[in-house]
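Thank you all for making time this morning.

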Amino acid sequence: MRTQHGTYSEEINENILEIEYEYYYAPATHYDQGEESVDVTKVLANGTDITDFYFDFFDTEIMHDRILDYCKGL
C-alpha cells in the first residue's frame, strides 16, 4: 500500500481553498482488487482553518472525486 500526503488547491469565488489530504493506494494483484481512498485532514480558505465547516457543509462526493482525480493525476 502506498500513502501520499499533499494539498489540493482550488480557487472558488475569488477564494483559495486548500485541502490537505492523505491518499492511500494498493494496486490490484492476481488475488485482490485494487484499493484506493482519500481522507481530508485539514481545509483552509484564504489561510483560515475551516475544517469543521468543510465537513459540516461542503464535503460532497463531487469535491471528493476532484481530490481523488488530482491524486491519480487525471
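Let me begin with the pairing at the start of the chain, bearing in mind throughout that what you see is a predicted model. Strand 1 and strand 2 run antiparallel and are joined by eleven bridges, and if you look along that pairing you will find Tyr8 standing opposite Ile19 in strand 2. The two strands form a hairpin with two residues between them, and in that turn Asn13 has a positive phi of about 50°.

Moving on from strand 2, which covers residues 15-26, we come to strand 3, residues 35-45, and these two are again antiparallel, this time with ten bridges between them. Which residue of strand 3 is the bridge partner of Tyr21? That partner is Val40.

Taken together, four strands make up an open sheet, with antiparallel pairing and the order 1-2-3-4. The edges are held by strand 1, residues 2-12, and strand 4, residues 48-49, each of which has a single partner strand, so one side of each is left without a neighbour in the sheet. Helix 1, residues 51-58, packs on this sheet and touches strand 1, strand 2, strand 3 and strand 4, while its direction makes about 120° with that of strand 3.

That brings me to helix 2, which runs over residues 61-72 and, with its twelve residues, reaches 16 Å from its first C-alpha to its last, close to the 16 Å expected at 1.5 Å a residue. Which residues of helix 2 are buried? They are Met63, Ile67, Leu68 and Cys71, and because these four cover an arc of only 135° around the axis, they lie on the same side of helix 2. As for what they meet there, the buried residues of helix 2 pack against strand 1, strand 2 and strand 3, and also against helix 1. On the other side of helix 2, by contrast, Glu61 and Ile62 are exposed. Just after helix 2 comes Gly73, which takes a positive phi of about 80°.

Finally, the confidence. The protein chain has a mean pLDDT of 88, with 97% of its residues reaching 70 or more. Where in the protein chain is confidence lowest, and where is it highest? It is lowest in helix 2, at a mean of 88, and highest in strand 4, at 96.

Technical notes:
Residues numbered from 1 in each chain as written. Predicted model: local features only at pLDDT ≥ 70, side-chain atom pairs only at ≥ 80, totals over all residues. Heavy atoms only, no water. Pairing = 2+ DSSP bridges. Contact = heavy atoms within 4.5 Å. Axes fitted to C-alpha atoms, helices over the stretch in contact; angles between N-to-C directions. Expected span 1.5 Å × (residues − 1). Buried < 20%, exposed > 50% of the residue type's maximum accessible area, 1.4 Å probe, protein only. Arc of directions from axis to C-beta. pLDDT = per-residue confidence, 0-100.
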